[in-house]
Amino acid sequence: MKVTPVSYVLIFLVFLSAVLYAQDDTTMYKVSVTKYLMGTTVETTARSSDINNCKKALMSAYEEMQRVENLLSCQKDSSEISAINHASGIHPVKVSYETMEMMRRAKAYCGKYHGVFDVTIGPLSSLWGFSEDKEIVLPDSNEIKKLLKLVNYRDIDINEKDTTVFLKKRGMSIDLGGIAKGYAIDRGSAVLRKLGITDFILNAGGDIYVSGTKDRDTEWKLGIKHPRYTNDLAAEFNLKDYSVATSGDYERFKIINGVRYHHILNPATGYPGRLSESSTILAPTAEEADATATYVFLLGWKKALDDKDLNYPMLIVASDGSVHYNNAFEKNYNLEVIK
Amino acid sequence: MRRRDFLKYSSLILPASAAIGMINPFTKNIFAAVKNSGSFSLSVITDKPSKTIHMMEQAIKNSEYGSRTLDFTEYRLKGQHIGDIAYVKSQKLVDYHKGSDEFSLLLNDSARVLSLPDPVDDPVLLRFSSQQNPTEAGGINIFRGDALIKQLPLDNDRELYRIEGLKGHIDIRIKNRSVKIVSASCKHKTCMNMDAISRPGENLICVPNQINISIAGKSALGVDSITF
């Protein structure tokens, strides 16, 4: 029999169909695991044809996130950030290259966001105590004024040659709460991809990295929690190979004399930000989304949406409950505002 | 978990019965069949998770439930439980011991190899399911860390139910098929700010105590994850 070029094409097409059929035939599993890390719940759903292999990859990702928490949490006395805080105003602290790089990026975000986002907010975070096990009471205003003098990212001295970090004023402290969780998510996601898991959602307390798709033809669908009807969604959208983070006033708060006091503190006043109920930002990395969501929450929707340099898809629920978003979000991510 | 409770919760018979009971008995079966067509779940209590997962994967692969995407979850259980397999098809518990179809035969073989049913200490609960559509609210699942420590019915009001956590305790109230945290032993009491939950997929979380209280069932919100 003579084999013509057409025959080759037909043979190739039959082979291709067989491969595609085999792919269709594979049973896939969405494996879900939840752990408590970084003072929140970390939920991962990953799609894989091999559950045992997927579980091993997920455990490795959680170990990596735990390692990042141990390095960067100011709640842990043994972390390098706590060592920097304890030595504030006294001496520089030798840190790992990873921590130094984290501090360098953190300081850069503070500069980019004009100090509205400031990781030296630590003394005020401790005073309010939303991240600690203490009763939330309205702090003395004089105490707030006194501690505000310690909040200034320019007083972080990073020596790249010696890999040291020094906080120039005694009593200063770093709180990476608005950024380290994002970095941990990025590290956990990198581990999953390295171990061959390409389709997953990694959600650490509402900050999320989304990789790949839900199935061959469907993107993962995410919801934004409504800041006041917290069992409902404010909006939903699709995401692939991207991050989202939300800053909101409804997760850690206390109502005192009819006023809501929450954990997102304005570095200019020392009091909780008042312009937003929540801000949701999409960015290439969870770290970037995390820091930017805090900034936009404090900046308010008008300035955020007017800022040409703030080139992120975003949705903000303002303090009056009105919902604002930009075209970048609406057009590219199938955004649907629910209420 | 007692074997009877395990089978009861695995079958989701309770929530289905509650919903079906509200409509004309004549249409009960039709309603149930349409509402849950194609749903499948396989729950296994075992102390050999890796081996069991591999065997269930092989059984599912060769069954009508293969060639699709299934949900998988795994929870630890404390204490002694009866290891067993519960196979639910369209919300009906199937007695795979008596079944002559290929999947039942494979499950029967797996149960024999795994020596089930049999008492096991500190096992895991593995769950494979294909539930695509939202469901009625099931029972209340209470987790501490990654262990399922208690299951409570949603329709039995309780003024106060105490749950011991890692650092203290919280008290919940179950009233009119909804659950609320009413007191907590910690100082900041953040979890008490959370709204009461009543719909499938909703949960209440106390992070310091690593307690998660969730309503069983598939959420109607229709999203894969939520940013907050």
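Residues are numbered from 1 along each chain as its sequence is written, while chains are lettered from A and ligands numbered from 1 in the order in which they are written. Since the model is predicted, local features need pLDDT of at least 70 and side-chain atom pairs count only at pLDDT 80 or more, whereas totals for chains, interfaces and linings use all residues.

**Chain A and its domains**

Chain A holds 10 helices and 16 strands, where helices (H or I, at least four residues) and strands (E, at least two) are DSSP runs numbered from the N terminus. The C-alpha trace of chain A spans about 95 × 50 × 35 Å along its principal axes. An automatic or database domain assignment supplies the domain bounds, and it divides chain A into domain 1 (29-71 + 179-337) and domain 2 (77-174). The C-alpha centres of these two domains of chain A lie 23 Å apart.

Between the domains of chain A, 18 residues of domain 1 are in contact with 27 residues of domain 2, two residues being in contact if their C-beta atoms, placed from the backbone, lie within 7 Å. On the domain 1 side, the elements of chain A that give two or more residues are α2 (51-72), β11 (253-256) and α8 (286-299), and α8(A) gives the most, with five residues. The residues of this side divide into 11 nonpolar, five polar and two charged; here Ala, Val, Leu, Ile, Met, Phe, Trp, Tyr, Cys and Pro count as nonpolar, Asp, Glu, Lys and Arg as charged, and the others, Gly among them, as polar.

**Where chain B meets chain A**

In the contact between the chains, 37 residues of chain B touch 47 residues of chain A. On the chain B side, α4 (49-61), β2 (69-77) and β14 (225-227) each supply at least two residues, with α4(B) giving the most, six residues. This side of chain B divides into 14 nonpolar, 13 polar and 10 charged residues.

Strands also pair across the two chains, and two strands pair if DSSP finds at least two bridges between them. An open sheet of four strands with mixed pairing runs in the order β16(A)-β9(A)-β8(A)-β14(B), and its edge strands, β16 (336-337) of chain A and β14 of chain B, each pair on one side only. The table lists pairings together with residues that stand opposite each other.

| Strands | Sense | Bridges | Opposite residues |
|---|---|---|---|
| β1(A) and β2(B) | parallel | five | A:Y29 and B:L70 |
| β7(A) and β10(A) | antiparallel | three | A:I208 and A:V244 |
| β10(A) and β13(A) | antiparallel | six | A:G248 and A:S278 |

**Burial and the nonpolar core**

Buried residues make up 45% of the 339 residues in chain A, a residue being buried if 20 or more other C-beta atoms lie within 10 Å of its own, exposed if 12 or fewer, and partly exposed in between, with C-beta atoms placed from the backbone. Strand β10 (residues 242-248) of chain A is mostly covered, six of its seven residues being buried.

A nonpolar core is a set of buried Ala, Val, Leu, Ile, Met, Phe, Trp, Tyr and Cys residues joined through C-beta atoms within 7 Å. The largest such core has 138 residues, of which A:L176, A:I281 and A:V296 touch the most other members. Leaving aside neighbours within four places in sequence, the contacts of A:I281 include A:V244, A:A245, A:V296 and A:M314.
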